[in-house]
Amino acid sequence: MHIVVVDPSRVALKVISSVLASRGHIVSCFTDSQHALDFVSTHEEVNGLITSLEVLPISGLELCWSARLLAQAHRSLYIIAMSSMRNSRKLSEALDSGADDFISKPPIPEELHARLRAAERLTFMHNELIKLAETDPLTGLFNRRALFERLQHSIGKQPCLAHVSFIMFDIDHFKSINDRYGHDVGDLALKAAAQESVQDGLIVGRLGGEEFGILCPRMDRMGAYRLADDLRLRMADLQIRAAQVGEIRLTCSFGVSEWKEGESIDALVKRADLALYQAKSAGRNRVVL
Ligand code: GH3
Ligand code: MG
Ligand code: MG
Ligand code: MG
């Protein structure tokens, strides 16, 4: 695991971090609780936090709570509170503030390792569940809910100068592929189209049926238009090989919209959907902005 350890004593930090490192954990140590929180919030790969309750400037309980809030959406973070005062009140306060576990200080190495093994089991299961909940099983892309969550997240943290664009696309006359070659070949075509649409820096999801969405962070409408048109050409060039049937071809239609300050996700998606509808009406295999 990548574990952040917070304690006012440098000596204690040194001891705990060498115990953790001996079992292969990556460790980042802090004496300042605010610095620790900043680090956890900007480093998604951190999945463990061990904090003394006696820290400053924000209290250990507050740190547990703030870290718990950070980790709620689609990230797992196992939090262990520690204190030299081991009593029921301390323990219940820590667990009620978002900690998953409580250990006394100084931690006994064998006990710490055992608790972290339990933490690893839970973290693994949590990540598997997140993956299942967010993934479209056929294409392996994000599902509709996960894509919309990321759209919401991306406009939530935009400074007003940054652009966010959305592309919606739909396979043309997909029904006739199913009708002509069968549902299995239709599924194969869906997978091929999905795979073609995946690119670094983009967040791609299946909205349902043969309809997909692409979130383009830091991209204006012209950038998204060019990207969509490039994808349109690549889709038309795709040679999908299906056993017994041979080679299948397909085309897609695209609608593009750029987020406007203050606009809701629903409105942004609706404009892309409208543009996609216009691309269909105008003859398909095209991009409308
Ligand atoms: P248009 O160009 O207007 O988009 O026409 P279309 O035929 O692509 O659109 P239509 O909405 O008429 O048909 C979509 C078809 O997609 C109907 C549905 O059976 C099929 N479909 C939806 N989900 C799946 C799937 O998971 N697998 C397969 N093979 N087909 C699917
Ligand atoms: Mg349709
Ligand atoms: Mg279609
Ligand atoms: Mg459709």
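A residue is buried if 20 or more other C-beta atoms lie within 10 Å of its own, exposed if 12 or fewer, and partly exposed in between, with C-beta atoms placed from the backbone. This is a predicted model, in which local features need pLDDT of at least 70, side-chain atom pairs count only at pLDDT 80 or more, and totals for chains, interfaces and linings use all residues. Residues are numbered from 1 along each chain as its sequence is written, and chains are lettered from A and ligands numbered from 1 in the order in which they are written.

**Exercise 1. Describe the overall form of the chain.**

Step 1. Start with burial. Buried residues account for 33% of the 289 residues.

Step 2. The C-alpha trace spans about 75 × 45 × 30 Å along its principal axes.

Step 3. Check the contacts, meaning pairs with C-beta atoms, placed from the backbone, within 7 Å. Among contacts between residues at least 6 apart in sequence, 64% join residues at least 24 apart.

Step 4. Count the elements. The chain holds 10 helices and 12 strands. These are DSSP runs numbered from the N terminus: helices (H or I) have at least four residues, strands (E) at least two.

**Exercise 2. Characterise the shell around ligand 1.**

Step 1. Pick the nearest residues. The shell has 16 residues, and Asp172, Phe174, Lys175, Gly186 and Gly209 come nearest. A residue is near if its C-beta atom, placed from the backbone, lies within 6 Å of the molecule.

Step 2. Assign elements. Strand E6 (164-171), helix H7 (174-181) and helix H8 (183-197) each give two or more residues. H8 gives the largest share, four residues.

Step 3. Classify by type. The shell divides into four nonpolar, five polar and seven charged residues. Ala, Val, Leu, Ile, Met, Phe, Trp, Tyr, Cys and Pro count as nonpolar, Asp, Glu, Lys and Arg as charged, and the others, Gly among them, as polar.

**Exercise 3. Trace the parallel sheet.**

Step 1. In what order do the five strands lie? The open sheet reads E2-E1-E3-E4-E5, with parallel pairing.

Step 2. Locate the edges. They are strand E2 (26-30) and strand E5 (101-104), each of which pairs on one side only.

Step 3. Axes are lines fitted to C-alpha atoms, for helices over the stretch in contact, and angles run from 0 to 180 degrees between N-to-C directions.

Step 4. Place the helix. Helix H2 (residues 33-42) packs on the sheet and touches strand E1 (2-6), E2 and strand E3 (48-52). Its direction makes about 165° with that of E1.

**Exercise 4. List backbone exceptions.**

Step 1. Most residues other than glycine have a negative phi, and most peptide bonds are trans.

Step 2. Find cis bonds. One joins leucine 56 and proline 57, with omega about 5°. Proline 57 lies in the loop between E3 and helix H3 (60-70). Another runs from lysine 105 to proline 106, with omega near -5°. Proline 106 belongs to the loop between E5 and H5.

Step 3. Find positive phi. Glutamine 244 has about 70° and is exposed, because 8 other C-beta atoms lie within 10 Å. Arginine 284 also has a positive phi of about 70°. With 14 C-beta neighbours inside 10 Å, arginine 284 is partly exposed.

Technical notes:
Two residues are in contact if their C-beta atoms, placed from the backbone, lie within 7 Å. Two strands pair if DSSP finds at least two bridges between them.
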